[in-house]
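Welcome, and please take a moment to look over the sequence and the model below.

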Amino acid sequence: MERKIRVLIAKPGLDGHDRGAKIVARALRDAGMEVVYTGLHQTADMIVKTAVQEDVDVIGLSLLSGAHMTLFMDVTRLLKGKDMEDVLVVGGGVIPEEDIPTLKKAGIAGVFGPGTHIEEIVDFIRKNVKR
Amino acid sequence: MNDIASRILKGDPRSVARLITLAENNSLEATDAMKDIHFHTGDAHVIGITGVMGSGKSTLICELTREYRKQGLEVGIIAIDPTSPFSGGALLGDRIRMMEFATDNGVFIRSMGTRGMLGGLTTAVYDVVEILDAAGKDIVIVETVGVGQAEIDVIKIADTTIVVLVPGLGDSIQTIKAGVMEIADIYVVNKADRSGVEQTVAEVESLVDIACTNKDRKTPVLTTISKESKGVAELIDEIDKHKKYLKKSKMFEVQRRKRYEAELVEIIRKRLMNFIFDESKFKVKIETLIDQISNKELDPYTAADEILGKILR
């Protein structure tokens, strides 16, 4: 049987803008993936524990509040502690260009800003999923 | 004992999650662990929750879980949402209503797609119930997809089946139809702050009066407003009473035997289907037969006999 890619789409932090997250979730579903959506206002701890239980291959973080440098990196740090480094982590939202290299170094493999084509995200996940 | 199995018996969430994935993907790697854990299962009370989409199943499960956690019980939740028949993908959103337990180590939630199953469940659900049971969950809650009228497979796996209704879904004729309205051990009319609740309760109660042939136990009809936590304590109480009734009347053993029968049939079905459809030598043969049927050179029954003949020989 064909293995399905499982993705967790999560909204860390305090902003309430989840339109982008929902559009990405829907697009990944249409690409044949199983997408778990957490809803708003998640802590890094909640996201990582959910990722463990759901045994996802990918975590997609969406954040528009500007707190990405802290919260995205909290997630990758906690994943390491749980022996979950093989999970592909990607991020999206309003993220300044100059922050991207630091995020990538911290383990956010792909960063997708406003105007990204959906196919680009789907392709990136298909190509980079680690397990 | 198998490595992953022994970690599951210690309750390790990572191993529980891993084995669920393997079982769901029909992987042979799952088999050894599944064999081992079976002998450590049977203690969890399995609650099936079914009802139409939007009736409040996920929110009600959140309320039940909060109460069970107050009692110090551990809870496993299997939340099933539909898989798209077109893309094979699924959007699993039941967890949104349960995020308050995200960091509670006594609660394990797994979202699953139906992956082609039609009865409201998912193919691996028997495995997942066993895994959560073996991991020490006292209560395992199975949330079906939002059902219509005929998706009743949940009764094969649940010790206690709860059908969640909401006011205003139709007139009294809806309640005397066959299917979902026959399977409840407990009816819950949720969203009881809406208008029409008295009528819905009265209709379901009259259905119970006509249809319930069990002299020892009348199917209760409860009302809840899950977003306000109203009626939840009463529901927990009825679940406990039903559990005691099952044990006392020996129905517990009868139902469990049916569950294992369904599980065995499912394993055989899966293995047989895999054997026929995933085996490459049959693949070519099947494609040829489909061509022949399409071209009216062969009928589908003869074609089926031809495939089955190759296996049974």
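## A first look

Of the 313 residues in chain B, 41% are buried, a residue being buried if 20 or more other C-beta atoms, placed from the backbone, lie within 10 Å of its own. This is a predicted model, where local features need pLDDT of at least 70, side-chain atom pairs count only at pLDDT 80 or more, and totals for chains, interfaces and linings use all residues. Residues are numbered from 1 along each chain as its sequence is written, while chains are lettered from A and ligands numbered from 1 in the order in which they are written.

**Chain B as a whole**

- Chain B has 12 helices and eight strands; these are DSSP runs numbered from the N terminus, with helices being H or I of at least four residues and strands E of at least two.
- The C-alpha trace of chain B spans about 60 × 50 × 40 Å along its principal axes.
- The domain assignment of chain B gives domain 1 (3–265) and domain 2 (279–312), with bounds that come from an automatic or database assignment.
- The C-alpha centres of these two domains of chain B lie 39 Å apart.
- Among contacts in chain B between residues at least 6 apart in sequence, 71% join residues at least 24 apart; a contact here means C-beta atoms, placed from the backbone, within 7 Å.

**Strand β7 of chain B**

- From strand β7 (residues 186–189) of chain B, B:Ile186 and B:Val188 point one way and B:Tyr187 and B:Val189 the other way, and all are buried.
- β7(B) pairs in the parallel sense with strand β6 (residues 160–165) of chain B over four bridges, where pairing requires that DSSP finds at least two bridges between two strands.
- β7(B) also pairs in the parallel sense with strand β8 (residues 221–223) of chain B, over three bridges.
- B:Tyr187 is the bridge partner of B:Val163, and B:Tyr187 has B:Val221 as its bridge partner in β8(B).

**Where the chains meet**

- In chain A, 25 residues are in contact with 26 residues of chain B.
- The elements that give two or more residues to this side of chain A are α1 (19–30), β2 (34–37) and α2 (44–54), and the largest share, seven residues, comes from α2(A).
- β2(A) and strand β3 (residues 90–92) of chain B pair in the parallel sense over three bridges.
- In that pairing, A:Val35 stands opposite B:Leu91, and A:Val36 stands opposite B:Leu92.

**A sheet with strands from both chains**

- Six strands form an open, parallel sheet in the order β5(A)-β4(A)-β3(A)-β1(A)-β2(A)-β3(B).
- β5 (110–112) of chain A and β3 of chain B stand at the edges, each with a single partner strand, so one side of each is left without a neighbour in the sheet.

**A buried loop residue in chain A**

- A:Val56 is found in the loop between α2 and β3 (58–63) of chain A.
- A:Val56 is buried because 27 other C-beta atoms lie within 10 Å.
- Not counting residues up to four places away in sequence, A:Val56 touches A:Arg6, A:Val7, A:Leu8, A:Val36, A:Ala51 and A:Val87.

Key. Contact = placed C-beta atoms within 7 Å. Buried ≥ 20, exposed ≤ 12 C-beta atoms within 10 Å, placed from the backbone.
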